[in-house]
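Please open the model in a viewer and keep the selection panel at hand. The stops below are meant to be followed in order.

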Amino acid sequence: MPELSKEVIALLQYLLPGFLVAWVLYGLTSHQKPSQFERVVQALIFSLAVRVLVFIQRVVLEYLGQWKALRPWDSDADLVCSFLSAIALGVIIAYVLNTDRFHRILRKIGLSTRSAHPSEWCGTLSEHARYVVLHFKDDRRLYGWPKVWPSDPEKGHFFIIRPSWLDADGKNYPLEPIEGLLVNVADVKWVEFLKEPEAK
């Protein structure tokens with residue numbers, strides 16, 4: 001195996017905080033991982049953001065150190081601040097994307113019509129928490145609460161709790177001994193969202 005040059009090692013060290021941000025971000029959201037090139041570009045951007053945060057932390061801590069110094073700023077302090085900043089930045093970005101807060105503000109002021117969710121599928125299912133009716137390809141209908149849904153409309157499974165079958169007249173046939181039903185999304189034609197949960 002060829003040895004890595006000092007320049008490549010330095011670049012990897014610079015990009016590590018950015019890759020850590022991306023790792024946290026994609027671990028906490030439904031967004032699909034981009035191509036390898038796009039991941040490197042994202043790591044560069046995230047690394048720059050982490051470096052700015054670490055610089056601000058250093059300025060603040062050195063200023064506060066005039067009255068109470070814990071230790072001198074060195075490479076270890078820089079490493080710890082980079083690590084913690086990368087984790088925090090990944091969590092914050094994931095929270096903003098999962099709650100659609102930033103894009104909601106942009107939509108209100110007319111700067112965008114987009115959503116932070118990776119697709120209309122994820123956005124609709126996460127923002128409309130209610131009972132649904134799954135319409136199967138063989139014309140059966142299943143009523144219930146979607147506790148878990150796939151991030152991809154082409155593959156994955158729904159976990160429907162409190163399930164019941166619906167007949168052609170809309171009569172309910174609860175699956176009483178069953179806590180939940182795992183449904184392959186490939187078997188579903190469409191999803192119907194109900195305005196009000198059924199009265200028990």
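The tour moves from the whole chain to single residues.

**Before selecting anything**

The model is predicted, so local features need pLDDT of at least 70 and side-chain atom pairs count only at pLDDT 80 or more, while totals for chains, interfaces and linings use all residues. Residues are numbered from 1 along each chain as its sequence is written, and side-chain values use heavy atoms, with hydrogens and water left out.

**Stop 1: the whole chain**

Select the protein chain and colour by secondary structure. Five helices and six strands are assigned; helices (H or I, at least four residues) and strands (E, at least two) are DSSP runs, numbered from the N terminus. Their order from the N terminus is α-α-α-α-α-β-β-β-β-β-β.

The C-alpha atoms occupy a box of roughly 75 × 50 × 40 Å along the principal axes. The radius of gyration is 24 Å, whereas a compact globule of 200 residues would have one near 16 Å; this quantity is taken over C-alpha atoms, and the globule rule is 2.2 Å times the number of residues to the power 0.38. Of the 200 residues, 30% are buried (under 20% relative accessible area, with exposed over 50% and partly exposed in between; 1.4 Å probe, protein chains only). Among contacts (heavy atoms within 4.5 Å) with a separation of 6 or more, 57% join residues 24 or more positions apart.

**Stop 2: helices α1 and α3**

Next, select residues 6-28 (α1) and 75-99 (α3). Their axes come within 8 Å and cross at roughly 35°; axes are lines fitted to C-alpha atoms, for helices over the stretch in contact, and angles run from 0 to 180 degrees between N-to-C directions. The crossing is right-handed, meaning that the near helix is turned clockwise from the far one by less than a right angle.

Show side chains at the contact: α1 contributes residues including Pro-17, Leu-20 and Val-24, and α3 residues including Phe-83, Ala-86 and Ile-87. The contact residues divide into 14 nonpolar, three polar and no charged. Here Ala, Val, Leu, Ile, Met, Phe, Trp, Tyr, Cys and Pro count as nonpolar, Asp, Glu, Lys and Arg as charged, and the others, Gly among them, as polar.

Centre on Leu-20, in α1. Beyond its neighbours within four places in sequence, Leu-20 is in contact with Phe-83, Ala-86 and Ile-87. The C-alpha atoms of Leu-20 and Ile-87 are 6.9 Å apart, although 67 residues separate them along the chain.

**Stop 3: the cores**

Which residues have the most contacts inside the largest nonpolar core? Select Val-21, Leu-25, Phe-46, Val-50, Val-54, Trp-73 and Ala-86, from a core of 16 residues. Such a core is a set of buried Ala, Val, Leu, Ile, Met, Phe, Trp, Tyr and Cys residues joined through side-chain atoms within 4.5 Å. Helices α1, α2 (36-64) and α3 each supply at least two of its residues, and α3 gives the largest share, six. Leaving aside neighbours within four places in sequence, Ala-86 touches Pro-17, Leu-20, Val-21 and Val-50. A second, separate core of 12 residues includes Val-132, Leu-175, Val-183 and Val-191.

**Stop 4**

Select α5 (residues 120-127), where Cys-122, Gly-123 and Leu-125 are buried. The buried residues of α5 pack against β3 and β6 (188-193).

Finish at Pro-153, in the loop between β2 (141-148) and β3 (157-166). Pro-153 counts as partly exposed because its relative accessibility is 36%. Apart from neighbours within four places in sequence, Pro-153 is in contact with Trp-121 and Val-185.
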